[in-house]
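Me: I have a structure open and would like to go through it with you. Could we begin with the ligand and then turn to the domains and the helices?

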Amino acid sequence: MKFETKAIRTQTETTQHREHSTPLFPTSSFVFNSAEQMQDLFSGEEKGNIYSRFSNPSVTEFEDKMAALEGVEKAMAMATGMAAVYASFMTFLKKGDHLIASRAIFGSTFNMLQKRLPDFGIECTFVDPLDMENWGDAVQANTKMLYLETPSNPGLTVIDLEAAGHFCKQHNLIYSVDNCFATPYIQNPAKYGADLVIHSATKFIDGQGRVMGGMVGGSAALIEQVYLFIRSTGASLSPFNAWVLSKSLETLAVRMDRHCENAMKLARALGEHPNVQKVNYPFLPTHPQYEIAKKQMRHGGGIVTFELKGNIDDGRKFLNKLKMLSLTANLGDARSIASHPASTTHLRVPQEERLLVGITDTLIRISVGLEHIDDIVADISQALGD
Ligand SMILES: Cc1ncc(COP(=O)(O)O)c(C=O)c1O
């Protein structure tokens, strides 16, 4: 089956009510027919649902669909994207282990690696994502994992997934990729050897800014370990959120086609605006990793960033002049969203560190929505002072 068909037709078995749309199973636990069945389910002799922290049919449907779309054997869903990122580290790393991470990663992930994991005896070396030739210098005898994000949030750095896969093979590392910005429709890291594929389902997978969710996918053996971690630590996905997310996946392909078409048109329009210094979009030929993006991505994605002419205050002024775009801490919504990382998410990050990952004082991030492109361009142009 093709991507779109899998996204629509992967579904929980129909119940006795013969419903057409997928059912929702809001139940904390499941009933056993006998003490013997209860024992068999707990011992693992019989497969089935016991308690919704372990598994639930609505959650399993979302996991099966995500696994099919990412081209991996299995997936484990979680309460948020950060719960998925955390589970990916804590399942596979222990005290005394070391990992290498791209410096261009989501701020909370960076904080977790820099501030939280060392408390558990897990150390991280951050590397320049584009200086792959020197990644080898960061490898130690206790290095277990490589973690990266492509395209990155918010710098839109694109990393060569195939080359990173060779690096991991050569050094025998678990290869882990946060695929949140691309979604499984645009790129499948497992095709290039990624062992773990991570998502914040809160973004394009929901697509309408309603629920939180996360996921880790990979081989059945690795995901069994993630399942055991979540089962005993508790960041499971709620059945309701799973149901929303699974329904959302039915329209992921058509939504992403439009997000990307609008993003490409916006990137081109911004490129011609006199008050714009620089536009960043993976499918613009001026993007420094354009060739890599073209090789591994179906489209350029739904996020465009640009630099205004001016200083940090001009970034704030631009946001205040917007009339339609939302100022909100999310992305991947049907509604277009604008943010100014230097004065918000990265306010406390020293300027030198911000610049290393391309977050200049006037960088604006647009999550390009599904409104008519003319209205999106018009609002941004008037805020730029056309
Ligand atoms: C690339 C990336 N990974 C992970 C996350 C965390 O996801 P959540 O907010 O669902 O915990 C985000 C959130 O913005 C993100 O952009």
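Predicted model: local features only at pLDDT ≥ 70, side-chain atom pairs only at ≥ 80, totals over all residues.

Me: How many residues surround the ligand, and which are the closest?

Reply: The ligand is surrounded by 14 residues, and the closest are T80, G81, M82, S200 and T202.

Me: Which helix gives the most to that shell?

Reply: Helix α4, residues 81-92, gives the most, with 3 residues.

Me: On to the domains. What does the assignment give?

Reply: The chain is assigned domain 1, covering 3-249, and domain 2, covering 253-384. Their centres, taken over C-alpha atoms, are separated by 27 Å.

Me: How many residues are in contact between them?

Reply: From domain 1, 25 residues are in contact with 29 residues of domain 2. On the domain 1 side, the elements giving two or more residues are α1 (3-9) and α7 (183-186). That side divides into 13 nonpolar, 8 polar and 4 charged residues.

Me: Now the helices. At what angle do α3 and α9 pack?

Reply: Helix α3 (residues 57-70) and helix α9 (residues 239-249) pack at about 35 degrees, with their axes 8 Å apart. Their crossing is left-handed.

Me: Which residues make the contact?

Reply: Helix α3 contributes S58, V59, E61, F62 and K65, while α9 contributes P239, A242, W243, L245, S246 and L249. Of the residues in this contact, 7 are nonpolar, 2 polar and 2 charged.

Notes: Residues numbered from 1 in each chain as written. Near = placed C-beta within 6 Å. Helix = DSSP H or I, 4+ residues; strand = E, 2+ residues; numbered from the N terminus. Domains from an automatic or database assignment. Contact = placed C-beta atoms within 7 Å. Nonpolar A, V, L, I, M, F, W, Y, C, P; charged D, E, K, R; others polar. Axes fitted to C-alpha atoms, helices over the stretch in contact; angles between N-to-C directions. Left-handed = near helix turned anticlockwise from the far one by under 90°.
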